[in-house]
Amino acid sequence: MQIKGRLVHPLGDDVLRASSDEVLVLLADRLVKVENLERRLGEKGWKDSPAGPGLRTLYGYADWERSGSPRVAVRIAVCLAADATFAPYAAGLLRAMSVYEASIRTDVLSVGATIWAWAHDYRALAFALSASRRAPWGVTVGFPAFTRLLRRVLGEQLDTGLGPDVSAEIAEAAEGLSTIATRGIGEVHLIGSTVDGSIQQPMLASLGETQPHWLPDELEDDAEEAFARGAAPLVLEALTGQRSSEEVAVSLESLASALRAAKEGVPDA
Amino acid sequence: MLELDAAVARGALARVTVLREERRTDAAQIIFEQIDSGALGRIPRVATAFTAEAALRERADCERIRLHRRRQTAASLAAAHELADDILARVGPRASSPTLDGENRLLFLSHFATALSDLGDETAAIAVTEFILTDLGQSEHDAFAAALQEGSRSAQARRRIAIQLSNLSVRRTRLGFLARLAGDLEEARRLFELARRDAEQSMRLREGRAATDAYLLSRFNMLRPELELAVAVDELEERDRAIESVQRELLDVVRSSYERPTVSPRSRLIRAGAAGMALVERALISESQGDAARARSLASTARSTMKATVDLWRYDTDETVAVTVRYGEACRLAGSPERAERIWSRTRDRLALLRGETAPAVGWLENRLLELRGRSR
């Protein structure tokens with residue numbers, strides 16, 4: 001979007017320098033344009049439009065409500081408000097990520113946590129956004145700001161320019177994760193909902209299914225997690241008597257040595 | 001609505017929380033210091049009550065406590081306790097003019113109770129959790145859980161109350177074990193019975209979702225105080241039978257945990273470790289009865305079952321005293337007194353740092369170490 005001739009980056013860099021009034025002016029301008037469009041097309045125009053009843057705008061579906069009038073303007077207003085308010089949260093996350101780089105898993109969890117933090121601070125808006133991104137036939141479409149953030153985060157990890165072109169995979173993954181997040185924030189107002197249950201774990205599960213080779217780096221990176229994964233089946237074997245405790249102890253000690261080596265030689269317990 | 005720079009800080013704080021939860025404390029600390037200094041957004045130092053700024057300020061201070069705790073020095077723990085007292089005064093159950101209200105206050109207090117528990121202040125954590133439950137309308141009467149089962153609109157309330165009851169059960173069990181080490185058996189029993197009641201209520205609230213991880217967790221949390229109550233039975237044979245009964249149920253929970261791919265390896269190890277604790281207690285009974293061979297056999301299995309969890313806690317200070325004390329006994333009975341000494345010394349040092357040199361549990365460990373060294377000589 002444009003404010004006073006400057007290109008406003010959707011991830012918030014320039015929004016940070018714009019005043020709230022300028023953003024509101026832009027929002028009002030967009031709403032007027034949409035209302036004019038609706039008035040020009042009219043009820044018949046919407047129905048007969050090339051995209052049919054499933055007309056999809058950048059900001060959601062032009063669903064035909066029972067009252068007979070589309071609520072596109074409301075959906076657009078919600079999405080623009082979400083854009084403007086989410087931008088600084090995303091900017092904060094990106095700056096924090098530039099201070100310390102971590103694994104893809106950590107980055108995806110961080111994006112989920114940031115989205116949830118914003119949704120928690122703007123509960124009504126988050127619920128409305130989630131609803132506005134849900135098509136009449138039940139499909140949720142990811143919110144563009146979330147998708148762009150995820151593309152950037154995944155791109156910085158994977159699109160190094162040295163290997164094969166993974167931009168298509170990144171785009172697809174970002175859209176999928178964004179869809180999960182957009183759906184998940186619809187639960188933020190529910191008592192008992194958690195970022196872990198509503199967003200983070202579903203995102204990791206999705207990535208684990210669609211792009212499992214992006215996640216194993218976490219095991220190489222996290223010696224404790226690798227130790228826990230290796231030790232857990234051995235412990236069950238000892239507990240259930242499938243193997244003798246002495247045999248298991250030898251295997252566990254081998255894993256523990258690897259853990260100590262990774263942690264640089266802390267004395268044994 | 002947060003001002004822009006506060007919103008930037010909020011986004012960055014989300015990263016700090018994730019890194020801390022992943023045990024990357026140094027990285028979390030570096031980013032937090034940038035946020036705190038104003039280089040990465042702005043955390044309000046003073047905020048009008050009931051605003052988004054007030055919520056951000058409390059959340060940031062809570063994160064500060066968690067980071068202090070991970071540094072594990074006397075100075076950092078003292079700073080964490082001081083901060084915790086400030087937050088309690090501002091937002092806690094007894095705050096005369098709380099800075100947060102309604103849902104925001106309850107959500108924050110839920111996080112804060114976890115931080116208090118992390119800091120070893122289980123008593124304060126329990127008080128905060130009880131306040132949350134009272135506010136949610138939870139009742140101690142048996143009919144409460146049954147009444148809440150009806151109607152889909154109560155599903156949300158059930159879930160939230162179940163989580164808080166589960167937390168309460170864990171905290172009371174932890175405190176109960178420390179009371180036992182301090183020699184206050186009556187207080188220990190009272191706490192274990194309350195912990196069992198809390199976990200039972202949590203389970204009943206999740207009964208409609210018996211195939212879930214949450215229900216399994218509630219069941220595990222109920223068996224923990226059950227084990228401790230079984231250990232408190234006076235007569236040795238009866239005690240052994242009571243512990244064996246709990247051990248069978250724990251084994252069932254462990255098997256279910258391994259069958260569910262959504263249960264993490266760490267959780268599986270913790271639950272297997274609890275089954276190991278039951279084995280240790282039965283090994284101690286065998287030792288009392290003069291059956292050294294049986295004691296050694298049970299202790300060997302227990303040691304293999306618990307070792308992995310204890311090894312992980314070498315780097316992660318969130319260890320459970322009930323586990324490390326019993327692991328030491330397992331090592332001793334299995335013929336490795338030097339390992340017992342090492343683990344008890346480590347637990348003693350960490351407890352002293354967290355609860356003070358004069359804490360009764362610290363004294364118990366010191367006596368146990370003296371006995372062990374005397375026996376070794």
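How many cavities of 30 Å³ or more does a search of the whole structure find? The points below take up this question together with the contact between the chains, in what is a predicted model.

1. **Cavity count and volume.** The search of the whole structure returns 1 cavity of 30 Å³ or more. The space in the largest cavity amounts to about 140 Å³.

2. **Cavity lining.** Residues of chain A and chain B take part in the lining of the largest cavity: His120(A) and Asp121(A) are among them, as are Leu2(B), Arg10(B), Asn104(B) and Phe108(B). At least two lining residues each come from H3 of chain A, helix H3 (52-71) of chain B and helix H5 (102-118) of chain B. H3(B) contributes the most, with 4 residues. By class, the lining has 7 nonpolar, 2 polar and 3 charged residues.

3. **Extent of the interface.** The size of an interface is often given as the accessible area lost when the parts come together. Here chain A and chain B bury about 4,900 Å² between them, and 65% of that area is on carbon and sulfur atoms. The contact involves 61 residues from chain A and 52 residues from chain B.

4. **Polar and charged pairs across the interface.** Between chain A and chain B there are 9 residue pairs in polar contact, with both residues at pLDDT 80 or more. The salt bridges between these two chains number 3. Over all chains, the count of salt bridges is 44.

5. **Chain A side of the contact.** On the side of chain A that touches chain B, at least two residues each are supplied by helix H2 (72-99), helix H3 (104-121), helix H9 (223-239) and helix H10 (245-262) of chain A. H9(A) provides the largest share of this side, 12 residues. The residues on this side of chain A divide into 34 nonpolar, 12 polar and 15 charged.

6. Side chains of opposite charge can pair when their charged atoms come close. One such pair is Glu22(B) with Arg105(A), whose side chains meet in a salt bridge at 2.8 Å, N to O. Glu22(B) is located in the loop between helix H1 (4-21) and helix H2 (25-37) of chain B, while Arg105(A) belongs to helix H3 of chain A, so this pair joins two chains.

7. **Backbone points to inspect.** Most residues other than glycine have a negative phi. Phe50(B), a residue other than glycine, has a positive phi near 70 degrees. Phe50(B) is found in the loop between H2 and H3 of chain B. Gln72(B) is likewise not a glycine, and its phi is positive at about 55 degrees. Gln72(B) sits in the loop between H3 and helix H4 (74-91) of chain B.

Notes: Residues are numbered from 1 along each chain as its sequence is written. Chains are lettered from A and ligands numbered from 1 in the order in which they are written. Side-chain values use heavy atoms; hydrogens and water are left out. Contact means heavy atoms within 4.5 Å. Buried area is the accessible area (1.4 Å probe) that two parts lose on being put together, summed over both. A salt bridge is a side-chain nitrogen of Lys or Arg within 4 Å of a carboxyl oxygen of Asp or Glu. A polar contact is a pair of N or O atoms within 3.5 Å; within protein, one must be able to donate a hydrogen and the other to accept it, and residues adjacent in sequence count only if both atoms are side-chain atoms. Ala, Val, Leu, Ile, Met, Phe, Trp, Tyr, Cys and Pro count as nonpolar, Asp, Glu, Lys and Arg as charged, and the others, Gly among them, as polar. On a 1 Å grid over the protein atoms alone, a cavity is a set of points where a 1.4 Å probe fits but cannot get out, and a pocket is an open set with protein on both sides within 12 Å along at least five of seven lines; lining residues have an atom within 4 Å of a point. Grid points are joined across faces, edges and corners, and a volume is the space filled by probe spheres set on the points.
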